[in-house]
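I opened the model to look up its strands, its helix packing and a few single residues. My entries follow in the order I made them.

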Amino acid sequence: MTTLPGGPTRILIADDQEDVRSGFRLILGSQPDMTVAGEAADGLTAVDLARTLRPDLVLADIRMPGVDGLEVTRRLAGPGVPDPMRVLVVTTFDHDDYVRTALRDGACGFLLKRSGPGLLIEGVRAAMAGDVLISPQITVRLLQHLAPTTVPAPAPAPVASPSPSPLTAREQEIARLVAEGLTNAEIGEKLYITAGTVKTHIANVQAKLRVRNRVGIAAWSWDNGLAGPAPRE
């Protein structure tokens, strides 16, 4: 994958709505380690520009004229692509089949536009670090679908673990809130700490649990009785 050592992350924004592209441009351009290298209003243009400009990262919406974001992802990052690029899907639509298809075809993250600018910036940096970031709301739903086979039913009372948790009490609390689908900002508000402090705690939790993202934290929380699946309607 293309990277520019020592320079800002070059980003191509692909979205058919001008106001969305403008908003992303302002958010990303405000970061010292990011710059917008180009913009595209449809999928075919996005693919052509990506192959010409060779950005470090492509932000792709799902629904665009001509070729949608899933096909953009497949063409730029999918199996068999000789020199795959990083593609981060940022969309309004969080259908499960979209998430599965995007990740299967090489997307390095799947974010919802409503998740806010903080998670967008975090998603870009995670992608550049080789991680996969998924919006918290999607994380919880994906785990709910796995609940019948991988998540034990909540016990009426805590059961003593044969080995102590590797996490501190505060880290366990944060892991539980991650499993409940809260964003960093929401966790910060709930615990009266800054979003930056939450991010640091989450990084420590990931290191201690040896997981790569919020999905791993949530799965560990469910497996260890800190949180459980919400009732399905």
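**Entry 1: strand pairing.** I started with Thr9, which stands opposite Met34 in β2. Next I looked up Arg10, whose bridge partner in β2 is Thr35. Two strands count as paired if DSSP finds at least two bridges between them. Helices (H or I, at least four residues) and strands (E, at least two) are DSSP runs, numbered from the N terminus.

**Conventions.** I am working from a predicted model, where local features need pLDDT of at least 70, side-chain atom pairs count only at pLDDT 80 or more, and totals for chains, interfaces and linings use all residues. Residues are numbered from 1 along each chain as its sequence is written, and side-chain values use heavy atoms, with hydrogens and water left out.

**Entry 2: the sheet.** I traced the strand order as β2-β1-β3-β4-β5-β6, an open sheet of 6 strands with parallel pairing. The edges are β2 (34-40) and β6 (133-134), each pairing on one side only. Strands of a sheet pair through backbone hydrogen bonds, either parallel or antiparallel. I then checked burial in β1. Buried means under 20% relative accessible area, exposed over 50%, and partly exposed in between (1.4 Å probe, protein chains only). In β1, 5 of the 6 residues are buried, so the strand is largely enclosed by the rest of the structure.

**Entry 3: the whole chain.** I counted 10 helices and 6 strands in the protein chain. Of its 233 residues, 45% count as buried. Contact here means heavy atoms within 4.5 Å. Among contacts between residues at least 6 apart in sequence, 65% join residues at least 24 apart.

**Entry 4: nonpolar cores.** What is a nonpolar core here? It is a set of buried Ala, Val, Leu, Ile, Met, Phe, Trp, Tyr and Cys residues joined through side-chain atoms within 4.5 Å. In soluble globular proteins, nonpolar side chains tend to be buried together. The largest core in this model has 19 residues, and those with the most contacts inside it are Ile11, Leu28, Leu57, Leu59, Leu88 and Val124. At least two residues each come from β1 (9-14), α1 (18-29), β3 (57-60), β4 (86-91) and α5. The largest share, 6 residues, comes from α5. Apart from this core lies another, of 15 residues, including Ala14, Val47, Val58 and Met85.

I also listed the partners of Leu28. Leaving aside neighbours within four places in sequence, Leu28 is in contact with Ile11, Ile13, Met34, Val36, Leu59, Leu120 and Val124.

**Entry 5: α4 over the sheet.** Helix α4 (residues 96-104) lies across β4, β5 and β6, running at about 145° to β5. Axes are lines fitted to C-alpha atoms, for helices over the stretch in contact, and angles run from 0 to 180 degrees between N-to-C directions. I picked Val99 in this helix. Val99 counts as buried, at 1% relative accessibility. Its C-alpha is 9.1 Å from that of Ile134, 35 residues apart along the chain.

**Entry 6: Ser115.** Ser115 is buried, with a relative accessible area of 14%. Beyond neighbours within four places in sequence, Ser115 is in contact with Ser135 and Gln137.

**Entry 7: Leu167 and Ala175.** Leu167 sits in the loop between α6 (136-150) and α7 (169-179). Its relative accessible area is 6%, so Leu167 is buried. With neighbours within four places set aside, the contacts of Leu167 are Gln172, Ala175, Val205, Lys208, Leu209 and Trp220. Ala175 is in helix α7. Ala175 counts as buried at 0% relative accessibility. Ala175 and Val205 are 30 residues apart in sequence, and 7.5 Å apart in space, C-alpha to C-alpha.

**Entry 8: α8 against α9.** The axes of α8 (residues 184-191) and α9 (residues 195-209) come within 8 Å and cross at roughly 105°. The two helices are therefore roughly perpendicular to each other. Asn184, Ala185, Ile187 and Gly188 in α8 meet Ala195, Val198, Lys199 and Ile202 in α9.

Methods. Angles under 35 degrees count as roughly parallel, over 145 as roughly antiparallel, 65 to 115 as roughly perpendicular and the rest as oblique.
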